[in-house]
Amino acid sequence: MEETYKVYVEVGVIFERDGRIVPKWLKMGDVRYDIERILDCRRAASMKAGGCGLRYTIRCRGQNAYLFFEDTEPGAWFVESRQAVPAG
């Protein structure tokens with residue numbers, strides 16, 4: 001079984017009037033990915049990398065992926081990755 005890592009990412013969001021958080025892009029390393037579409041948003045756990053919070057099913061560059069917002073203090077965004085990405 002292949003190991004999966006929790007990779008923290010920078011995310012640009014819009015806060016809607018009704019309180020929804022809408023991610024618009026994410027940055028992993030030096031690469032920025034525009035989020036083409038949000039397919040789903042629900043409370044869920046990352047069964048592969050650990051952690052839980054809001055799980056967004058997103059589409060970037062034609063590929064579907066999960067983007068998680070850990071809503072504990074201070075709050076952080078992460079994706080599941082098959083490669084460890086150094087923090088920075």
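Where is Arg-61 found? In this predicted model, select Arg-61 to begin the tour, and you will see that Arg-61 lies in the loop between S5 and S6. With the residue selected, look at its backbone, where phi is near 50 degrees, a positive value in a residue other than glycine. Arg-61 also counts as exposed, because its relative accessibility is 57%.

Next, select the strands and follow the sheet from one side to the other. Seven strands form an open sheet in the order S3-S2-S1-S7-S6-S5-S4, and their pairing is antiparallel. At the edges stand strand S3 (31-34) and strand S4 (37-45), each of which has a single partner strand, so one side of each is left without a neighbour in the sheet. As you move across the sheet, the twist from one strand to the next averages 35 degrees.

Now keep S1 in view together with strand S2, which covers residues 21-28. These two strands run antiparallel and are joined by six bridges.

From here, turn to the side chains and select Val-7, Val-9, Val-11, Leu-26, Ile-35, Tyr-56, Ile-58, Cys-60, Leu-67, Phe-69, Trp-77 and Val-79, the twelve residues that make up the largest nonpolar core. Two or more residues of this core come from each of strand S1 (5-15), strand S5 (52-60), strand S6 (63-70) and strand S7 (76-81). Within that selection, centre the view on Val-9, whose contacts, leaving aside residues up to four places away in sequence, are with Leu-26, Lys-27, Met-28, Leu-67, Trp-77, Phe-78 and Val-79.

The last stop is the cysteines. How many disulfides does the count come to? The count comes to zero, and selecting Cys-41 shows a residue that is in no disulfide, with the nearest cysteine sulfur, that of Cys-52, 13 Å away. Cys-41 counts as partly exposed, at 38% relative accessibility.

Then select Cys-60, which is one of the residues of the largest nonpolar core. Is Cys-60 buried or exposed? Cys-60 is buried, since its relative accessible area is 11%, and the cut-off for buried is under 20%.

Notes: Residues are numbered from 1 along each chain as its sequence is written. This is a predicted model: local features need pLDDT of at least 70, side-chain atom pairs count only at pLDDT 80 or more; totals for chains, interfaces and linings use all residues. Side-chain values use heavy atoms; hydrogens and water are left out. A nonpolar core is a set of buried Ala, Val, Leu, Ile, Met, Phe, Trp, Tyr and Cys residues joined through side-chain atoms within 4.5 Å. Buried means under 20% relative accessible area, exposed over 50%, partly exposed in between (1.4 Å probe, protein chains only). Helices (H or I, at least four residues) and strands (E, at least two) are DSSP runs, numbered from the N terminus. Contact means heavy atoms within 4.5 Å. A disulfide is a pair of cysteine sulfur atoms within 2.5 Å. Two strands pair if DSSP finds at least two bridges between them. Axes are lines fitted to C-alpha atoms, for helices over the stretch in contact, and angles run from 0 to 180 degrees between N-to-C directions.
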